[in-house]
Amino acid sequence: MATPRYWLIKSEPSVYAYAQLAADGRTQWTGVRNFEARNNLRAMTPGDLCLYYHSNEDKAVVGVACVLTKPGPDPTAPGEDWACVDVGPVVAFTAPVTLATIKATPALKDFPLLTRSRLSVTPTPTEHFQLLLKMGRTKLPKPKARP
């Protein structure tokens with residue numbers, strides 16, 4: 001199996017919080033209306049992992065989600081050229097990592113949340129993904145054994 005790539009996805013907690021994703025078990029990641037973010041969605045593959053960022057109200061990385069499907073057309077924009085993927089929950093962060101903490105961490109000065117702050121979907125370097133897991137005192141669950 002290919003090594004997963006890492007992403008950052010953003011949602012306002014009042015619109016779709018990580019807790020709602022955990023309760024639902026999966027959702028379509030729709031409504032992205034920026035061409036660069038759309039192209040990032042189109043680059044996702046099943047198994048890729050996403051840092052889940054609560055924007056506006058909480059301003060913190062709060063969990064990890066997994067891309068479940070290949071990109072397809074966004075059903076919220078029929079006849080238009082937008083994309084979506086299905087994502088599912090992996091693990092909530094033990095300690096959310098706030099935007100203020102991220103900004104104060106020199107090793108994250110090039111983190112896409114800071115350098116491409118307007119984008120709702122951005123690729124994330126492996127070292128940033130791993131550091132944020134550590135800062136959030138969170139470990140990924142062990143993969144389930146295949147029969």
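Tyr52 has Gly63 as its bridge partner in strand 4. The model is predicted. Another bridge of this kind joins Tyr53 to Val61 in strand 4. Taken as a whole, strand 3, made of residues 49–54, pairs with strand 4 in the antiparallel sense, and the pairing has six bridges. The two strands form a hairpin with five residues between them, and in this hairpin Asn56 takes a positive phi near 65°.

How many of the residues of strand 3 are buried? Six of the six are, so strand 3 is largely enclosed by the rest of the structure. Both of its faces are covered.

## Other strand pairings

Strand 3 also pairs with strand 1, here in the parallel sense, over six bridges. In this pairing Ser11 has His54 of strand 3 as its bridge partner.

Within strand 6, Val87 stands opposite Val67.

## Thr27 in strand 2

Thr27 is found in strand 2. Is this residue buried or exposed? Its relative accessibility is 18%; buried means under 20%, so Thr27 counts as buried.

Leaving out residues up to four places away in sequence, Thr27 touches Tyr16, Leu21, Val85, Asp86 and Val87. Val87 is the residue of strand 6 that Val67 stands opposite. Tyr16 lies eleven residues from Thr27 along the chain, and the C-alpha atoms of the two are separated by 9.8 Å.

## Helix 3 and its buried side

Helix 3 consists of residues 35–43, and its buried residues are Ala37, Arg38, Asn40 and Leu41. They cover an arc of only 155° around the axis, which means that they lie on the same side of helix 3. What do the buried residues of helix 3 pack against? They pack against four strands: strand 1 (6–11), strand 2 (27–29), strand 6 and strand 7 (121–123).

At the start of helix 3 there is a contact between a side chain and the backbone. A side-chain oxygen of Asn34 comes to within 2.9 Å of the backbone nitrogen of Glu36.

## Cysteines without disulfides

A search of the whole structure finds zero disulfides. For a disulfide, the two sulfur atoms would have to be within 2.5 Å. Cys84 is in no disulfide either; the nearest cysteine sulfur is again that of Cys50, 13 Å away.

Cys66 has a relative accessibility of 17% and therefore counts as buried. Cys84 counts as buried as well, because its relative accessibility is 4%.

## The chain as a whole

The chain has six helices and seven strands. From the N terminus on, their order is β-α-α-β-α-β-β-β-β-α-α-β-α. Among the contacts with a separation of 6 or more, 69% are between residues 24 or more positions apart.

The C-alpha trace spans about 45 × 45 × 30 Å along its principal axes. For 147 residues, a compact globule would have a radius of gyration near 15 Å, and the chain agrees with this because its own value is 15 Å. Buried residues make up 45% of the 147 residues.

How values were computed: Residues are numbered from 1 along each chain as its sequence is written. This is a predicted model: local features need pLDDT of at least 70, side-chain atom pairs count only at pLDDT 80 or more; totals for chains, interfaces and linings use all residues. Side-chain values use heavy atoms; hydrogens and water are left out. Two strands pair if DSSP finds at least two bridges between them. Buried means under 20% relative accessible area, exposed over 50%, partly exposed in between (1.4 Å probe, protein chains only). The arc is that of the directions from the helix axis to the C-beta atoms. Contact means heavy atoms within 4.5 Å. A polar contact is a pair of N or O atoms within 3.5 Å; within protein, one must be able to donate a hydrogen and the other to accept it, and residues adjacent in sequence count only if both atoms are side-chain atoms. The radius of gyration is taken over C-alpha atoms; the globule rule is 2.2 Å times the number of residues to the power 0.38.
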